[in-house]
Amino acid sequence: MKNIEESLRYTLQQIRDAEQQYGRACGSVKLLAVSKTCNKEEILEAARWGQLDFAENYVQEAIEKIKATNNPALIWHFIGPVQSNKTRPIAEYFHWVHSIDRIKIAQRLNDSRPDGYPPLNVCIQMNISGETSKAGIGPEQARELAQAIITLPRLKLRGLMALPAPGHEFAQQRWPFARLQQHLRELQSSFPGMDTLSMGTTNDMVAAIAEGATMVRIGTAIFGPRA
Ligand SMILES: *Cc1c(COP(=O)(O)O)cnc(C)c1O
């Protein structure tokens, strides 16, 4: 097991350095610890050092860990593909869903959000060319989806998410993030509540921060390589 305290500290320092280097306000980029495949002990260890936001891709695995860690201070982000038969547990256990790309899924999450819970924070996943998976939608569909989401009282539209294909050079890493930022700006004039750009992983975090990321999703740098 990696020294989680050390790698968290190092990652947070890299984020602060990148904020400073690219003229971003100090503290404007939030670190999400991607804990897929991690066990409960690793999550609790990260939490002990102050990391409260965790992101997961697989519903069943995530819910077991949410129950096992049993810590109401933790904030859970769903970042994997949302299947329509899994919307109920997602709406019950998560605080954020970053990977919405269909109106039907948005409706189902809204309908499954339990009474008395605050609205579920959601981001629309876009596919800016070169995306690694088929997930995510284009600009016109994103606008239609945003329009639908704001009519759903149990969802709160927060922003855009993307997972571009890995680029090796810094300049090459920047351009898809720049496009996502541009899409956010265009949508913000109609949807002023959108304040989130969820982009950047271990390999391209600095490029994402340079282009306006407000949340970076980091697994490997914190917990080590996944099996
Ligand atoms: C796994 C994953 C990450 C984290 O990737 P690392 O390279 O381990 O930092 C971020 N976002 C999504 C959607 C992921 O599936």
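In this predicted model, a polar side-chain atom of Arg226 lies 2.8 Å from an oxygen atom of the ligand. Arg217 faces a nitrogen instead. An N or O atom of the Arg217 side chain is 2.9 Å from a nitrogen atom of the ligand. The ligand has 390 Å² of accessible area on its own, and the protein covers 89% of this area.

The ligand sits in the largest pocket. The residues around the ligand include Val34, Asn57, Ile79 and Leu163. By class, the shell holds four nonpolar, five polar and three charged residues.

Aromatic rings were examined next. The structure holds three aromatic pairs. One of them joins Phe78 and Phe94. The ring centres of Phe78 and Phe94 are 5.3 Å apart. Their planes stand at 75°, and an angle over 60 degrees counts as edge-to-face, so this pair is edge-to-face. Phe78 lies in strand β3, residues 75-78. Phe94 lies in the loop between α4 (87-93) and β4 (96-100). The pair therefore ties together parts that are 16 residues apart in sequence.

Notes: Residues are numbered from 1 along each chain as its sequence is written. This is a predicted model: local features need pLDDT of at least 70, side-chain atom pairs count only at pLDDT 80 or more; totals for chains, interfaces and linings use all residues. Side-chain values use heavy atoms; hydrogens and water are left out. A residue is near a molecule or strand if one of its heavy atoms lies within 4 Å of it. A polar contact is a pair of N or O atoms within 3.5 Å; within protein, one must be able to donate a hydrogen and the other to accept it, and residues adjacent in sequence count only if both atoms are side-chain atoms. Accessible areas come from the Shrake-Rupley method with a 1.4 Å probe; for residues, only the protein chains shown count as cover. On a 1 Å grid over the protein atoms alone, a cavity is a set of points where a 1.4 Å probe fits but cannot get out, and a pocket is an open set with protein on both sides within 12 Å along at least five of seven lines; lining residues have an atom within 4 Å of a point. A molecule sits in a cavity or pocket if more than half of its atoms lie within 2 Å of its grid points. Ala, Val, Leu, Ile, Met, Phe, Trp, Tyr, Cys and Pro count as nonpolar, Asp, Glu, Lys and Arg as charged, and the others, Gly among them, as polar. Rings of Phe, Tyr and Trp (its six-membered ring) pair if their centres lie within 6.5 Å; planes under 30 degrees apart count as stacked, over 60 as edge-to-face and the rest as tilted. Helices (H or I, at least four residues) and strands (E, at least two) are DSSP runs, numbered from the N terminus.
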